[in-house]
Amino acid sequence: DYLKKQSAAATDAPVTQVASHHAANLTTIVAPYLGIQRALSADLVAGVRDRARTIALEAAKLGAGGTSIGTAADAVQQAGDLEAARASFGRLGDAILRYARAERASLGAGVKVAYCPMTRQYWLQEGDTVRNPFFGSRMSDCGRIASEIPTLTY
């Protein structure tokens, strides 16, 4: 209850500030997500299903708030090829970003939000060099680093 009250009182706190006990669990979701991002940006699917399974298990620990992350991770597990993995990966990133913004959760040290204007998709990555998971090696540098966690309305 104390954390909920403090969280409600901190409405002007930065988006990346940790404001609930769930936030610590987000790093256990972001780490395997980043592995998927690196694989897709290199046009690979190796390890994607296992990492998505890990994300789904960790999302279940978040309770009702993690349901959309778990559902999106399940879709990544079911993807049959690279293009399907990329499509479901976009939904997974959106679910993580929505959760992070709603819970004011930290994404982790060095984790950046990137945006591709051609696909109109956000993703998470490490570092400042854009590595687009939606185009992979065809256009790995398509995009830009965003200054904050976006408000996703769709």
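Let me begin with Gln77, which, leaving aside its neighbours within four places in sequence, is in contact with Arg49, Ala52, Arg53 and Ala56, contact meaning heavy atoms within 4.5 Å. The model is predicted, so local features need pLDDT of at least 70 and side-chain atom pairs count only at pLDDT 80 or more, while totals for chains, interfaces and linings use all residues. Residues are numbered from 1 along each chain as its sequence is written, and side-chain values use heavy atoms, without hydrogens and water.

Gln77 is found in helix H4; helices here are DSSP runs of H or I with at least four residues, strands are runs of E with at least two, and both are numbered from the N terminus. With a relative accessible area of 14%, Gln77 is buried. Buried means under 20% relative accessible area, exposed over 50%, and partly exposed in between, with a 1.4 Å probe and protein chains only.

The buried residues of H4 are Ile69, Gly70, Ala72, Ala73, Val76 and Gln77. Seen down the helix axis, they fall within an arc of 165°, so they line one face of H4; the arc is that of the directions from the axis to the C-beta atoms.

I turn now to Leu92. Not counting residues up to four places away in sequence, Leu92 touches Tyr33, Ile36, Ile55, Ile69, Ala72, Ala73 and Val76.

Finally, two loop residues. Asp43, between H2 and H3, is not a glycine, yet has a positive phi of about 65°; at 29% relative accessibility it counts as partly exposed. Arg120, between E1 and E2, also has a positive phi, near 55°, and is exposed at 63%.
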